Amino acid sequence: MSYNLPSFPEIPLINGRVLINGTLRDSGFESQPVHSTCDKDQAKIIGTTPHVSLVVLMEAVESAAKSWNKGLGDWPTARMEDRVRAVQTFRDKMITQRELVCRLLMWEIGKTWADAQNEFDRTIQYIDDTINEVKNLDRESSRFQFSGGVMAQIRRTPLGVTLCMGPFNYPLNETFTTLIPALIMGNSVVVKIARFGQLLWEPLLEAFCEAFPPGVVNIVNGKGREIIGPAIQSGKIDVLAFIGTSRVANQIKIAHPQPSRLRSVLSLEAKNPAIVLADANLEIAASECVRGALSFNGQRCTALKMIFVHKKIAAEFTKLLVKKIDSLVAGMPWEPGVNITPLPDPEKPKYLKALIDDAVAKGAVLENPERGGKVKGNLFFPAVLSKVTLDSRVAIEEQFGPVVPIREFDDLREVEDYVINSPYGNQASLFGENPQDMGTMIDHLSNQVCRININSQCQRGPDVYPFTGRKNSAEGTLSVYDALRAFSIRCMVAAKQDPNGRKVIQDVLHADTSRFLSTNVVL
Ligand code: G3H
């Protein structure tokens with residue numbers, strides 16, 4: 001797909017609505033103004049977003065529960081081809097809203113035009129890949145298996161009412177990486193949209209409304225802290241798909257009256273290290289560390305959040321890194337060639353400043369004092385800190401922003417200890433060439449994180465690969481293939497391989513009376 005940069009980045013004023021039980025509502029809730037930080041005085045109102053009460057959220061939950069109908073609803077029992085058709089219809093309608101959604105991504109969260117388009121197109125690709133993968137799954141499930149005198153047909157079946165909560169940094173893509181697999185597998189969903197990146201749902205609501213039967217998808221917004229806990233306490237939510245912090249995920253999970261009944265699919269925070277060995281190619285390492293630490297201003301769970309560099313090359317590496325970072329272009333997301341854009345959270349610059357001050361007070365050096373850490377509106381120019389001590393907040397907390405901490409090492413055991421003792425276990429980047437050192441480090445890291453990136457930054461994609469984490473970084477795995485499994489459970493029909501068993505199975509197949517016990521496939 002190729003699109004031009006819009007010549008005029010303005011957007012119409014959007015008044016967000018909610019979708020409950022197949023109906024779009026524009027009243028019955030409080031509306032809050034949405035400000036864009038991509039504005040010189042930080043006060044530009046770009047629309048309003050609903051803040052629903054618990055009562056309205058529970059209407060959405062009830063509507064999903066009605067469509068689920070204890071597993072007997074039309075959607076959970078539909079043939080896969082019907083669900084695929086609905087998702088396909090949605091996808092075709094969604095694509096017509098591409099430009100507005102991308103403009104909203106720029107205005108709401110400061111994503112560059114290129115990244116905004118990438119987020120949209122990657123989401124469409126994810127939907128297409130999910131449709132293909134679910135067809136494969138359906139074909140596999142249409143076969144019978146024979147073992148130990150038992151014949152069986154095994155299919156994946158939905159789990160129930162699913163609450164999807166995506167993150168502000170990928171408000172479209174990451175929410176859809178749980179929403180689409182949950183829907184296509186036959187679950188009914190309530191989406192609670194993220195803290196930033198709210199208005200971009202509005203242009204998609206009609207498409208959801210037209211493509212899915214009432215109650216299958218419900219989309220609301222509100223103050224999560226006030227309404228999500230009580231909604232979970234109702235015991236009416238079967239699956240939690242949450243992308244955010246482990247602190248919030250834990251609060252939500254324990255609010256369930258029977259936590260063991262709640263299936264959780266969680267993608268949480270991380271503190272991915274870059275480890276630059278003495279023989280690393282400095283140009284590659286520095287370029288990848290800049291991309292890894294600062295793409296979308298460092299607001300990615302996969303961002304490189306701590307750089308360890310061997311003492312022998314630390315000075316040269318740091319100099320190169322600073323040079324590359326200082327050449328980054330800061331500006332508004334629609335400006336061509338821009339890298340650093342305003343942060344969507346108005347409180348973030350203060351937090352990042354505090355991290356820098358704390359690190360410097362503990363002995364770190366701000367390597368780019370002319371621009372590093374300077375704030376203009378909500379633009380925060382990346383700060384490079386060297387000689388960061390391990391007791392500094394920036395070595396411990398997930399900064400989720402443009403602060404790049406570097407620590408020299410002499411002995412790899414210090415780096416290993418950091419990784420082993422970290423509460424997180426998402427990914428790591430390893431820069432070097434020597435097969436002995438690389439092989440040893442790969443082995444040491446492989447039981448600490450879930451992806452070791454060789455001479456490259458950490459990243460989630462391509463989405464066919466497993467995206468997960470150890471410790472506080474994730475629960476469950478999200479890839480096109482895995483997500484279909486995360487939002488479903490296997491059920492099998494089994495019969496003895498004897499004349500009676502064969503006859504009953506054959507009769508049901510010939511009479512075509514079951515949607516489960518069937519050899520029909522989606523073509
Ligand atoms: O914020 C976490 C995202 O899953 C990262 O995805 O590596 O493709 O930017 P990405």
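Guide: Helix 3 and helix 4 cross in a right-handed way; a crossing is right-handed if the near helix is turned clockwise from the far one by less than a right angle, and left-handed if anticlockwise. This is a predicted model, in which local features need pLDDT of at least 70, side-chain atom pairs count only at pLDDT 80 or more, and totals for chains, interfaces and linings use all residues. Residues are numbered from 1 along each chain as its sequence is written, and side-chain values use heavy atoms, with hydrogens and water left out.

Visitor: What counts as a helix, and at what angle do helix 3 and helix 4 pack?
Guide: Helices are DSSP runs of H or I with at least four residues, numbered from the N terminus. Helix 3 covers residues 98-109 and packs against helix 4 at about 130°, the axes being 9 Å apart. That makes helix 3 oblique to helix 4. Angles run from 0 to 180 degrees between N-to-C directions, and axes are lines fitted to C-alpha atoms over the stretch in contact. Under 35 degrees is roughly parallel, over 145 roughly antiparallel, 65 to 115 roughly perpendicular, and the rest oblique.

Visitor: Which residues of helix 3 and helix 4 meet?
Guide: From helix 3 they include R98, E99 and V101, and from helix 4 W113, A116 and Q117. Contact means heavy atoms within 4.5 Å. By class, the contact of helix 3 with helix 4 has seven nonpolar, one polar and five charged residues. Ala, Val, Leu, Ile, Met, Phe, Trp, Tyr, Cys and Pro count as nonpolar, Asp, Glu, Lys and Arg as charged, and the others, Gly among them, as polar.

Visitor: How does helix 2 pack with helix 4?
Guide: Helix 2 (residues 80-95) lies at about 165° to helix 4 (residues 113-141), with axes 11 Å apart. That makes helix 2 roughly antiparallel to helix 4. The crossing of helix 2 with helix 4 is left-handed.

Visitor: New topic. Which residues are around the ligand?
Guide: R122, N169, Y170, E174, R300, C301, T302, Q459, R460 and F467, each with a heavy atom within 4 Å of the ligand.

Visitor: What does N169 do there, side chain or backbone?
Guide: A side-chain N or O atom of N169 is 2.7 Å from an oxygen atom of the ligand. That is a polar contact, meaning a pair of N or O atoms within 3.5 Å.

Visitor: And C301, side chain or backbone?
Guide: Backbone: an N or O atom there lies 2.7 Å from an oxygen atom of the ligand. For R460, a backbone N or O atom is also 2.7 Å from a ligand oxygen.

Methods
Polar contact = N/O pair within 3.5 Å; in protein donor to acceptor, adjacent residues only side chain to side chain. Helix = DSSP H or I, 4+ residues; strand = E, 2+ residues; numbered from the N terminus.
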